Amino acid sequence: VQALGKKNVSFATTCNNIAGVYDDLGKFDLALEMYNEALSIKVPLLGEYHPSVANTLVSMGPVLTALGKHQEALKHLERGHMILVKNHGNIHPAVATALINIGNAHQALGNLAEALKCLQEALDTSIKCSGNQHPNIADIKCHIGSLLATQGQTAKARKYFSEAAEVYRAVFGPRHDKTLSAARLASA
């Protein structure tokens, strides 16, 4: 910090990383503070439409959701998603992550149909990026299955859990926790 000062991209990246640690620790107020610090540096230096700005906005979304600031989370997530699409197009892993987080924000707001739409789009995007046999695909399928289950759509939910279990089995083996959990949910 002494050599470069606080107004450089390296320091902003450090703020982002610290925010991620605070997020993992459940210290959401501190995480939000660090994400805001990162944005206050990145936007003037990189411009408001830079992918790094978008990544910070997308990372802020779950923190804001955890703090109960669902509308603010959705605003940041949608802006981050728009910037990512502008820079990378619709088919990119970061775009899929943004869609998952947008779906989570909609779910927190009770907009279950919109949440499901976002998660399905994230799944389609992820399949195009990574193929059908990637653990992220199974994670999204479990997420969709859980959302469907909360809506009482048990048969559809089981189908997603079953598909997720197949992917986990192929990637991690039959005795992995994720494989066993998805298989359990598929047969519930």
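**A tour of salt bridges, a helix and a pocket**

Modeller: Let's begin with a pair of side chains: Asp 139 and Lys 178 meet in a salt bridge, with N and O 3.0 Å apart. A salt bridge here is a side-chain nitrogen of Lys or Arg within 4 Å of a carboxyl oxygen of Asp or Glu. Please keep in mind that this is a predicted model, where local features need pLDDT of at least 70 and side-chain atom pairs count only at pLDDT 80 or more, while totals for chains, interfaces and linings use all residues. Residues are numbered from 1 along each chain as its sequence is written, and side-chain values use heavy atoms, with hydrogens and water left out.

Colleague: Is Lys 178 buried, exposed or partly exposed?
Modeller: Buried means under 20% relative accessible area, exposed over 50%, and partly exposed in between (1.4 Å probe, protein chains only). The relative accessibility of Lys 178 is 33%, so Lys 178 counts as partly exposed.

Colleague: Which residues are joined into one network with Glu 163?
Modeller: Glu 163 forms a salt bridge with Lys 159, their closest N and O atoms being 3.1 Å apart. Glu 163 and Lys 159 are 4 residues apart in helix α8, which means about one helical turn separates them. Salt bridges that share partners join Glu 163 into one network with Lys 141 and Lys 159.

Colleague: How far apart are the closest N and O atoms of Glu 114 and Lys 117?
Modeller: Both residues lie in helix α6, 3 residues apart, about one turn of the helix. Glu 114 is partly exposed, at 30% relative accessibility. Glu 114 and Lys 117 form a salt bridge, and their closest N and O atoms are separated by 3.8 Å.

Colleague: Why do the buried residues of α9 lie on the same side, and which are the exposed residues on the face turned away?
Modeller: The buried residues of α9, which spans residues 177-186, are Thr 179, Ala 182 and Ala 186. They lie on the same side of α9 because they cover an arc of only 75 degrees around the axis, taken from the directions from the helix axis to the C-beta atoms. What covers these buried residues includes α7 and α8. The face turned away from the buried side carries the exposed residues Asp 177 and Arg 184.

Colleague: Which elements give two or more residues to the lining of the largest pocket?
Modeller: A pocket is an open set of points on a 1 Å grid over the protein atoms alone, where a 1.4 Å probe fits, with protein on both sides within 12 Å along at least five of seven lines; lining residues have an atom within 4 Å of a point. The lining includes Pro 93, Leu 119 and Asp 139. The elements giving two or more residues are α5, α6 and α7.

Colleague: What is the volume of the largest pocket?
Modeller: A volume is the space filled by probe spheres set on the grid points, which are joined across faces, edges and corners. For the largest pocket, that comes to about 160 Å³.

Definitions and conventions:
Contact means heavy atoms within 4.5 Å.
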